[in-house]
Amino acid sequence: MSTCATSSRELAEPLAGTAATARTWLLIEQTGPWGAKALTASHLDPEVGRALERAAEGTGVRLALIRRPGRHADRRLPTRQRVIAAHTLPGRSWMRTTQVSDPAALLALDFAALGAGDVRVLPLATQRPFAPWAPPASPPGAPAAPARWSPYEGEPLAFVCTNGKRDRCCALLGRPLAAELAASATDVWEITHIGGHRFSPTLLVLPYGYAYGRATAHSVKEVLASARRGRVVADGARGRSAWDRPGQAADLAVRRHTGEDRADALTVSDVLAQPARHASPAAHDAAPANGSGWTVTVTHADGRAWRVLLSQSPSDPPRPESCGAALGTPARFEVVSIHPLPAAPPAAG
């Protein structure tokens, strides 16, 4: 039986510019079953899940549930839950972690500051990452105590989407990949939803926030080995979540053009929609407002810069963007040109 991932692969749909956009990720461990909208359809209190969704809306923070690969007992017993926060802007990326007995404690966070990358909103604890410390008990009915956080100092982390209730491709392709990686001692988590079911198995790598599609165990290990050295593998990459989708495509285009693989070497700015010339009604939904293309400035840490011209068009022929969904024409980005910009004059001494 055909799946959305099969259709996308057969149509050679490009990956660049398809990653979820998030400057900051907030990932909450939750074992047991996950529903299609896992924050409100799991063993996480749905009222807490809804409150967290409202708190994160429009802040640049993306929420997801995570769990270790393997069978998950359907229990509702109290447990300590790991939480990972990661900010993904180049040169400002960080990761912190904590454990909570009640995820409602996360509602005390300043989500706007978290989305902006202000790590000061995560109060430090003295324990090592993931230490099983216990906060003072709160009286019955009292608000959960605010979480205390530790800098994450471990290996880069891989998160594979396995939420089959959201899309069966994530279960059919993601779960075997997560299990294979876990069996080889790779530090991998399952995650509820990072977008792009049709690119399953899909992968998010922290701390840098690059997403990948059509992943294999070999490619994941290569990506993680590069991340340990502060490098990025462009093959199979969907984009860095810190950027919007045109920025993701431009970042990857410059990496391929120059061979630059250092994770924090490139910064995206000046993402501008270009006027449409011959927009058709069919292209209207896929194209940005007032435009059918983009110019994006990509700057290197050494001062070099490039202007990347991208075209944006609806994918043809139509294909399912998710299993069971009607045929659609998701937007695709193609590189029209990459032009070096004049070097900026040195700052006055």
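**View 1. Contacts of Leu 26 in the predicted model.** Leu 26 touches Val 61, Arg 62, Leu 63, Ala 64, Val 83, Ile 84, Ala 85, Leu 109, Phe 111 and Trp 149 (heavy atoms within 4.5 Å), leaving aside residues up to four places away in sequence. This is a predicted model, in which local features need pLDDT of at least 70 and side-chain atom pairs count only at pLDDT 80 or more, while totals for chains, interfaces and linings use all residues. Residues are numbered from 1 along each chain as its sequence is written, and side-chain values use heavy atoms, with hydrogens and water left out.

**View 2. The largest nonpolar core.** This core has 25 residues, and Leu 26, Leu 109, Phe 111, Leu 122 and Trp 149 have the most contacts inside it. A nonpolar core is a set of buried Ala, Val, Leu, Ile, Met, Phe, Trp, Tyr and Cys residues joined through side-chain atoms within 4.5 Å. Elements giving two or more residues to the core include β1 (24-29), α2 (46-56) and β2 (61-67); helices (H or I, at least four residues) and strands (E, at least two) are DSSP runs, numbered from the N terminus.

**View 3. Glu 190 in strand β7.** Glu 190 lies in β7 (residues 188-191). Glu 190 counts as buried because its relative accessibility is 4%, the cut-offs being under 20% relative accessible area for buried, over 50% for exposed and partly exposed in between (1.4 Å probe, protein chains only).

**View 4. Strands β12 and β13.** Seven bridges join β12 (residues 293-300) to β13 (residues 305-314) in an antiparallel arrangement; strands pair if DSSP finds at least two bridges between them. Val 296 stands opposite Val 308 in β13.
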